[in-house]
Amino acid sequence: PFSALWAAPDRLDTHSRRFDGVYAVRSFLLLGFTAALVVALSRSLPVAKRSRRLVTHSSRLVLGATSISTVALLATWPLVGHSAIGDASGLAMGVNLAHTFAMPVWLGGLVLVVVGLRGERAADLAVVLPRFSRLAMVAVATLVATGTFMTWREVGSVSALTSTTFGRVLLGKLVGVLVLLVLGNLARLWVRRHLSGVMRGRARLGPTPAG
């Protein structure tokens, strides 16, 4: 039940003290992250110039709290996953953390670009998209590299890719990743082709005079 989130780790019925402890910590981190996110979203109203410095300082504090809680939340998955057992578990947990971190950087940034830069802010796409395209490429490369390592560690042999349920599910996942890579490359080429001209035009015109 939901009330078990507030129970002491040794009272939960999973027969694993490490699992219980990590999940209890994750629950409280999730609450802290939610609180920081609510505070961040509530600070979108315009403020007077005399309080702008104070708001900027508090915004940095909220951003720092949200970032720390996000990384801490992500770290709880490798601690109780497949990477936490077996040989070279320390290395595997680090690789798993990088894998888990790259995914929200990519997908979260994509959501921000699609949802946040519309209407009056659509013109900012010419600046944001090329930068996000490079960031997305790094994130996807990290996903592929770390995913390859974890695949090799989990499956252990080529024959296991077809002889086990885990291997067959993994093959399906790899097909999906290949499709995403193709679509991502097409999007990258579109960004380069359509927005490079816009950026060059802005450079020639220079800053718009105040008036």
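Which residues lie nearest the centre of the second largest pocket? Leu37, Leu63, Thr66, Ser67 and Leu112 do, out of 21 residues that line this pocket.

## Before you start

This is a predicted model, where local features need pLDDT of at least 70 and side-chain atom pairs count only at pLDDT 80 or more, while totals for chains, interfaces and linings use all residues. Numbering runs from 1 along each chain as its sequence is written, and side-chain values use heavy atoms, with hydrogens and water left out.

## The overall layout

The protein chain has six helices and zero strands, and reads α-α-α-α-α-α along the sequence. Helices (H or I, at least four residues) and strands (E, at least two) are DSSP runs, numbered from the N terminus.

Of the 211 residues in the protein chain, 23% are buried. Here buried means under 20% relative accessible area, exposed means over 50%, and partly exposed is in between (1.4 Å probe, protein chains only).

## Helix H1 and its residues

Helix H1 covers residues 17-41, and its 25 residues should span 36 Å at 1.5 Å a residue; the end C-alpha atoms are 36 Å apart, which agrees. The expected span is 1.5 Å times one less than the number of residues.

Asp20, Val22, Ala24, Arg26, Ser27 and Ala36 are buried in H1. Take Ser27: why does it count as buried? Because its relative accessible area is 18%. The C-alpha atom of Ser27 is separated by 8.9 Å from that of Leu73, 46 residues apart along the chain.

## A loop and a helix end

Ala88 is in the loop between H2 and H3. Its phi is near 50 degrees, a positive value in a residue other than glycine. Most residues other than glycine have a negative phi. Ala88 is partly exposed, with a relative accessible area of 47%.

Further along, the 31 residues of helix H4 (residues 125-155) should span 45 Å, and its end C-alpha atoms are 42 Å apart, which agrees. After H4 comes Gly156, with a positive phi near 85 degrees.

## The two pockets

A pocket is found on a 1 Å grid over the protein atoms alone: it is an open set of points where a 1.4 Å probe fits, with protein on both sides within 12 Å along at least five of seven lines, and lining residues have an atom within 4 Å of a point. Grid points are joined across faces, edges and corners, and a volume is the space filled by probe spheres set on the points.

The largest pocket has a volume of about 890 Å³. Of its 29 lining residues, His99, Gly147, Met150, Leu170 and Lys173 are the closest to its centre. Helices H2 (52-79), H3 (89-116), H4 and H6 (165-205) each give two or more residues to that lining. The second largest pocket holds about 730 Å³, and H1, H2 and H3 each supply at least two residues of its lining.

## The nonpolar core

The largest nonpolar core has nine residues: Ala102, Trp106, Val113, Leu129, Phe132, Ala136, Ala139, Val140 and Leu143. H4 gives the most to this core, with six residues. Such a core is a set of buried Ala, Val, Leu, Ile, Met, Phe, Trp, Tyr and Cys residues joined through side-chain atoms within 4.5 Å.

Leu143 touches His99, Ala102, Met103 and Trp106, not counting residues up to four places away in sequence.

Methods:
Contact = heavy atoms within 4.5 Å.
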